[in-house]
Amino acid sequence: MAAPAPSAAVPIVAVPPPTAVTGLALKDFRNYGRAHIEAGPGLVVLYGPNGSGKTNLLEALSLLAPGRGLRRAALAEIDRDGGAPWRLEAVVDANGERVEVETGRDPDAERRFVRLFGEPARGQGALARTLGVVWLVPSMDRLFQEGAAARRRFLDRLALAVFPDHATTAGAYEKGLRERAVLLRTGRRDPAWLGALERRMAENAVAVAAARRELVNGLNRLLLDGFGALPRVVLTLEGEVEAMLDAMSALDAEGAIRDRWRWLRDADAVTGGSGLGVHRSDLVVADAVSGELAARCSTGRQKAMLLAVTLAEARLRQARLGDLPILLLDEVAAHLDGERRERLCATLVDLGAQAWLTGTDPELFAALHGRARFLAVEEGRLHEHD
Amino acid sequence: MASIEIERLVRFLGRLPGLGPRSAQRVALALMKRPDTLLRPLADALTLCADRVRTCGVCGNLDAVDPCAVCRDPERDRGTICVVQEVDDLWALERSGTYRGLYHVLGGTLSALDGRGPEELRIAGLLARAEAAKAEGVALEVVLALGVTVEGQTTGHYLAERLTPFGCAVSRLAQGVPVGGEMNYLDEGTIEAALRARQRIV
């Protein structure tokens, strides 16, 4: 018997669809008593009047990644008024596999619990391995007008998506800085204790700076190609420790930082911080073609630049960790004119990631009709609309 | 309502690590149900410990004799001191049965935020031991077996610096792949540490 001829059209290896949240149940979450949505791998548009709960839904999705979510809210703040501790149940399709994720506020421990397939997971690290989430929210519109602290936070959050250890190292550094301030302030000037602390902090500082540098270099490579109609953006890291790594080895930089900190002790005792360290770095964003700084650009152009950085972040995570994160884009269309909006929609379709977009009016996303799922949000309720 | 005696017992039990008010009640009840096999023997054991167990004046271990049995053991290698945070860390090392040197129990780690400095830990005693070894001409190695935490690392750096004048060797335990561990299940930080501490075999 002759073997059946292989069909030329069937690929031998199926490429798994991009990571997507295909189901999400919210319980006592913000203005949602109980709600459930299902989604496919592509684009989802959430529309509805202000205050209807669109951003709350994005916040819920952002809490499927480690951390405090896109509002950086305290855990108890998220509880629905008069409700039980909040709780989310999600189905995530990651690398062709289906993962059941649960998270919520643990009322006993005042922290977030995480369960995978109903089994308690150790810490939030398991979330990072399951799903990447990147977001752009209106509060980030002020990023270029605010102080450097906001931009460092932005940078470190981006770094977290690519270097899972970054948060631990950055946290250890911040804690060291606080410990050193206590020692300097209380006059407990034990030189050996301060020296030991500064040595550990120098290790952390160099690790933080190295991760940021690698992140910025990786993003710049992707930003150079550009994302459809979005502006070409170039990122520059400004910081003494980061600059040291251009000039010397990590080990020499650690030594140099320790020497400087030893000399700075008296001055730092007065300020309560330190004149040197990765807590003083800044991120400068500029147009790669004109060189114009983002801080001097129009609101619409700033938004477009941030979008480019967000998409580069998604691509970088894909290159480093193998999966595209989901994108949460809150009110991104508001500042863009019709043509830019259409081109943004096309760029998102090209990217292929699951993206959740919000807007007050579904017509803002007219270009996506037939290519996205439209959900109407109304006072904590969701309606399908097609 | 429970009697005053039982309530007092529950209150004390509830202060123990790992026990909350509910579990303290459950423990108290279990004790009371077995007065001869559990309650009385436990009370005797507690009394005996309260009467006899002391902190070793040399190393900080807990024992009925001072110096403790480990410090007195003539079979032990006097040229090695293993520094641990707490007595249960010492017990863990003893369980392994492979370490034959002496110990030094610090009683915690340095933490400026918790107000725990060198004076609050048993550090002066360790330095005195290093000094004595130097005076006696004993080649001493101090092995730091502290937790791989932010505080543990700072404490390690601190001890290394303070021990330098006594000319003793200072080492720390290796960090990396646990025995019986699969690479697949290690977190990124552990893999990084293991890579950094790799050993050449050929």
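Which residue takes a positive phi in the hairpin of strand 1 of chain A and strand 2 of chain A?

**View 1. The hairpin of strands 1 and 2 in chain A.** This is a predicted model, in which local features need pLDDT of at least 70 and side-chain atom pairs count only at pLDDT 80 or more, while totals for chains, interfaces and linings use all residues. Residues are numbered from 1 along each chain as its sequence is written, chains are lettered from A in the order in which they are written, and side-chain values use heavy atoms, without hydrogens and water. Strand 1 (residues 20–29) and strand 2 (residues 32–38) run antiparallel and are joined by 6 bridges, where strands are DSSP runs of E with at least two residues, helices are runs of H or I with at least four, and a pair needs at least two bridges. A:Gly23 has A:Glu38 as its bridge partner in strand 2, and A:Arg30 is the residue that takes a positive phi, near 50°, in this hairpin with 2 residues between the strands.

**View 2. The largest nonpolar core.** This core (buried Ala, Val, Leu, Ile, Met, Phe, Trp, Tyr and Cys residues joined through side-chain atoms within 4.5 Å) has 97 residues, and A:Val21, A:Leu24, A:Leu327 and A:Trp356 have the most contacts inside it. Helix 8 (residues 299–321) of chain A gives the largest share, 10 residues.

**View 3. A:His166 in helix 4 of chain A.** A:His166 is buried (under 20% relative accessible area, with a 1.4 Å probe and protein chains only), because its relative accessible area is 4%. Beyond its neighbours within four places in sequence, A:His166 is in contact (heavy atoms within 4.5 Å) with residues including A:Asp156, A:Val208 and A:Arg212.

Note on methods. Buried means under 20% relative accessible area, exposed over 50%, partly exposed in between (1.4 Å probe, protein chains only).
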